[in-house]
Amino acid sequence: MGKVGNSLMRETTGDVIIPAKALTGFCSEVLMKLGVPGEQATAIAGNLVAADLEGVASHGVVRLPIYVERLRAGVVNPRPDVRVASETATTAVVDGDNGMGQWVGMRAMQTAIDKGLSAGCAFVSVRNSNHFGAAAYYSRMAIAHDMIGFSFTIGGINHMTPWGGAEAILGNNPLSIALPAGEERPVVLDMACSVAARGKIIVAAKDGTPIPDDWAIGPDGQATTDPVEALKGFVLPVGGPKGYALTLMIGLLSTMLSGAAFGSEVTNMYEDLERVQNVGHLFGVLPIACFMPIEIYKKRIDKAIREIRGVPRAPGVERIYLPGEREQILAEAQSESGIPIKSSVWAELLEVGRSLDMAVEG
């Protein structure tokens, strides 16, 4: 798609509404301009837009400009040979050949699913990857195969301190677990180990809006509502020392089995455009049929979902949601209505397109 014009969008307060198909086509063309093969570019663009469809703007197209910078700088391989470096019937180590994290992640999760279909519960560890976007994209891949999916990753920036420390040596290291259901929507947990994902602070900085004072501390060690200052400082772990322990464990699981970078080995994806990152992930599947008949499981989980949703509500609460439910409902709606993108983010994307000699209109 060579041109994104005003016919494809309408202005709202601070937002530009763009159809998912048009946004996917734009992002795909940007990546292909940088040497990413068509199949990979389309898959990566679809991954990014899926996050925006669900309202997870922190891991959607807002990330495209930094991916473009890293591809241009030659520190990400646009045409990776993603391969299985070693394996057993139920495990594998995947080498991403420094490819785009979304492509590497999809290939590695599919490897876990394939092993789950043939041999049972499976886990796949990954090295030599890059930032892979929203963790739920990969865990959710298992749902169509009646499997519970797991997706862990180490962050592409160290911006959290050990509890009691004064130097960032940890990422916020997201994790996702996705459980299929029967008649109900799947239950999908996707969370960073910080109070808020750093990507949300990036979005706020681009939009010039303040952040809550419990998201981050500035470089002076004080709580801040200024997203620009927050990006210079540290994100805060959810649950204090428990969040620190969780981010540590997810980081170790994502790296120690494959040889991916951890701690002082982690570079800054935004500031270091000279060194590859060697990001690590861990993917896993639990085929439900290995434990009980699928139809019995689905009846049980549907009952559990309805019980949770059906408890008496606190004053002012209209509905109780399960993890991932809001995002799925929003994605269904925005697939029809279009995706709201912050005007500041859209302007940056258009500039990226122009810099690649794409025909775009703002």
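Cys193 has a relative accessibility of 0% and therefore counts as buried, a class that takes in residues under 20% relative accessible area, with exposed meaning over 50% and partly exposed lying in between (1.4 Å probe, protein chains only). The model is predicted, so that local features need pLDDT of at least 70 and side-chain atom pairs count only at pLDDT 80 or more, while totals for chains, interfaces and linings use all residues. Residues are numbered from 1 along each chain as its sequence is written, and side-chain values use heavy atoms, with hydrogens and water left out.

**Cysteines**

- With a disulfide taken as a pair of cysteine sulfur atoms within 2.5 Å, the count comes to 0 disulfides.

**Packing of α1 with α2**

- Helix α1 covers residues 20-33 and helix α2 residues 38-53, and the two pack at an angle of about 135° with their axes 8 Å apart; helices here are DSSP runs (H or I, at least four residues), as strands are (E, at least two), numbered from the N terminus.
- The axes are lines fitted to C-alpha atoms, for helices over the stretch in contact, and the angles run from 0 to 180 degrees between N-to-C directions.
- α1 and α2 are therefore oblique to each other, given that angles under 35 degrees count as roughly parallel, over 145 as roughly antiparallel, 65 to 115 as roughly perpendicular and the rest as oblique.
- On the α1 side the contact (heavy atoms within 4.5 Å) involves Ala20, Leu23, Thr24, Cys27, Ser28, Leu31 and Met32, and on the α2 side Gly38, Ala41, Thr42, Ile44, Ala45, Gly46, Val49 and Leu53.
- By class, this contact of α1 with α2 comprises 10 nonpolar, 5 polar and no charged residues, where Ala, Val, Leu, Ile, Met, Phe, Trp, Tyr, Cys and Pro count as nonpolar, Asp, Glu, Lys and Arg as charged, and the others, Gly among them, as polar.

**Packing of α1 with α3**

- Helix α3 (residues 64-73) crosses α1 at roughly 10°, and their axes come within 10 Å, so the two helices are roughly parallel to each other.
- The crossing of α1 and α3 is right-handed, and the contact is formed by Phe26, Cys27, Val30 and Leu31 of α1 with Leu64, Val68 and Leu71 of α3.
- The residues in the contact of α1 with α3 are 7 nonpolar, no polar and no charged.

- Helix α3 is largely enclosed by the rest of the structure, because 7 of its 10 residues are buried, namely Leu64, Pro65, Ile66, Tyr67, Val68, Arg70 and Leu71.
- The cover over the buried residues of α3 includes α1, α2, α4 (101-119) and α11 (343-355).
- Gly74 follows α3 and has a positive phi, near 80°.

**Residues paired across the sequence**

- Glu54 belongs to the loop between α2 and α3 and is buried, with a relative accessible area of 15%.
- Beyond its neighbours within four places in sequence, Glu54 is in contact with Arg140, Glu327, Leu330 and Ala331.
- Glu54 and Glu327 are 273 residues apart along the chain, yet their C-alpha atoms are separated by 4.5 Å.
- Ala22, located in helix α1, is buried with a relative accessible area of 8%.
- From C-alpha to C-alpha, Ala22 and Gly338 are 9.5 Å apart in space and 316 residues apart in sequence.

Definitions and conventions: A crossing is left-handed if the near helix is turned anticlockwise from the far one by less than a right angle, and right-handed if clockwise.
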